[in-house]
Every structure is written in C-alpha cells, then in structure tokens.
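Subject: Structure handover

Hello,

Here is the structure I promised you. Please open it next to this email and follow along.

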Amino acid sequence: MRLAAACLIQTGYTARSRLEQAEGKGALAIQLRDIAKDGQIDPEGLGRFELDDVAERFFVRTGDVIFRSRGDHNTATALDERFADPAVAILPLIVLRPKPSVVTAEYLAWVINQPDAQRHFDTMARGTSIRMVPKASLDELVITLPDIETQRRIVKVDDLAEREQRLAVLIAEKRRRITALVLDERAKRNQHISTSKKARS
C-alpha cells in the first residue's frame with residue numbers, strides 16, 4: 001500500500017521570521033534540532049515560542065508521527081503518551097497522521113525506518129550540501145501493511161530486541177571494567193612481590 005493511503009501527510013509550519021522563545025507562554029514547538037540522532041524527542045526539552053495564526057493542522061500530539069525530511073537521518077518518530085499537550089511541528093519536519101483503522105503510529109514509524117524505505121529516500125533525496133527528502137517521496141513510498149494486531153506484535157518484538165541490544169552493550173562494558181580492575185590488582189600485587197624480593201636481597 002502507498003503511504004499516502006495509510007495516513008495524512010503534510011509539511012510542518014513555516015515560520016515567517018526567526019522563532020523568538022517566550023518565557024512561560026506561547027506555543028510549544030518541535031524543531032529539527034529537538035530530535036536526537038536515535039530519533040528520540042524529549043517533550044520536557046521543547047521550547048515555547050510566539051507564533052502567529054498557527055492553523056490547527058500544524059499541532060501534533062500523541063498518536064502522530066514526525067518525519068525528518070532534512071539531514072542525514074531521514075527517520076520517523078511516533079509521539080507517545082508524553083505528548084498530550086499539543087506542539088507545533090516546524091518545517092522541515094513533516095507530519096504523518098495515521099488512519100487508526102489502517103495503521104498504528106508506532107508501526108508507521110517503524111516501517112519508515114526500515115532499510116527498504118530508507119533506500120527509497122536515498123534515491124529521492126535532493127541537495128548536495130544539505131540532504132532534503134521531498135514530501136512527494138513519502139506520498140509514493142510503498143509499505144507492507146499487515147493487520148493491526150500483527151503491527152503491534154512487530155513493534156513489540158522490535159522494542160524487545162532493541163532493549164536486549166542495549167543490555168548486551170551494558171553487560172559487555174561492565175565485564176570490561178571488571179577485567180580491567182582484576183588486571184590492575186594483579187599488576188600491583190606482582191609489583192609488590194618484586195619489590196619485596198629486591199629488598200631482601
């Protein structure tokens with residue numbers, strides 16, 4: 001199925017001038033710089049800005065998907081329950097609104113981040129110094145779309161696999177540190193024995 005048939009796709013809000021941060025007021029905004037390399041967005045780190053005449057369609061919340069159309073990482077992020085308060089998605093971010101009966105936000109983000117979709121964006125990307133993926137490339141993207149229950153299972157298994165990988169890295173690091181401590185202790189012990197022998201002779 002084409003992506004455009006599974007969700008509404010629209011560009012983010014175009015600011016008429018440089019965004020001026022507002023203290024304690026204004027609208028929450030998600031900018032390209034707010035998305036970490038791994039795709040995570042911290043809602044607590046979002047700024048508030050004075051924005052004029054922002055149409056409702058530019059506000060995103062839980063259940064929406066944000067796509068990075070500019071830069072080296074053209075990936076998607078599903079907004080979870082932490083995004084209950086609406087925020088304005090700023091161009092070059094693209095907003096994807098899944099059709100609930102067709103696709104979940106989490107699966108939509110997952111399938112966009114898979115190698116097949118990424119290769120599609122590679123062929124459609126424009127620009128030399130700054131890579132840009134046009135909205136049309138999202139419209140034309142063909143995705144595999146199983147039933148909703150299967151989508152949820154796929155996302156769950158992928159999440160478990162990612163957690164397992166993080167734990168494996170953590171365990172390997174702890175083992176390395178323990179090994180370093182043991183070797184350091186052995187080196188010190190051998191040095192002490194060697195010093196004692198020299199003193200007796």
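First, the ground rules. This is a predicted model, so local features need pLDDT of at least 70 and side-chain atom pairs count only at pLDDT 80 or more, while totals for chains, interfaces and linings use all residues. Residues are numbered from 1 along each chain as its sequence is written, and side-chain values use heavy atoms, leaving out hydrogens and water.

**The sheet.** Helices (H or I, at least four residues) and strands (E, at least two) are DSSP runs, numbered from the N terminus. Strands pair if DSSP finds at least two bridges between them. Four strands make an open, antiparallel sheet, in the order β1-β8-β5-β6. Its edges are β1 (7–11) and β6 (76–78), each pairing on one side only. The twist averages 25° from one strand to the next. Angles run from 0 to 180 degrees between N-to-C directions, with axes fitted to C-alpha atoms, for helices over the stretch in contact. Look at β5 (residues 65–68) and β8 (residues 93–98): four bridges join them. In one of these strands, β8, I94 is the bridge partner of F67. Helix α2 (residues 105–112) lies across β1, β5, β6 and β8, at about 165° to β6.

**R97.** Now find R97 in strand β8. Is R97 buried or exposed? R97 counts as buried, at 19% relative accessibility (buried is under 20% relative accessible area, exposed over 50%, partly exposed in between, with a 1.4 Å probe and protein chains only). The R97 side chain reaches two backbone oxygens: that of R57 at 3.0 Å and that of F59 at 2.3 Å. Contacts (heavy atoms within 4.5 Å) of R97 include C7, L8, E56 and D64.

**Helix α3.** In α3 (residues 115–124), the buried residues are A117, Q118, H120 and F121. They sit on the same side of α3 because they cover an arc of only 155° around the axis (taken from the directions from the helix axis to the C-beta atoms). Exposed D116 and T123 are on the face turned away. The buried residues pack against β5, α2 and α4 (135–140).

**Aromatic pairs.** Rings of Phe, Tyr and Trp (its six-membered ring) pair if their centres lie within 6.5 Å; planes under 30 degrees apart are stacked, over 60 edge-to-face, the rest tilted. The count is three pairs. One of them, Y13 with F58, is edge-to-face, at 5.5 Å centre to centre and 70° between the planes. These two are 45 residues apart. Y13 is buried at 8%, and F58 is buried at 12%.

Best wishes

Terms used: A polar contact is a pair of N or O atoms within 3.5 Å; within protein, one must be able to donate a hydrogen and the other to accept it, and residues adjacent in sequence count only if both atoms are side-chain atoms. Lists of a residue's contacts leave out its neighbours within four places in sequence.
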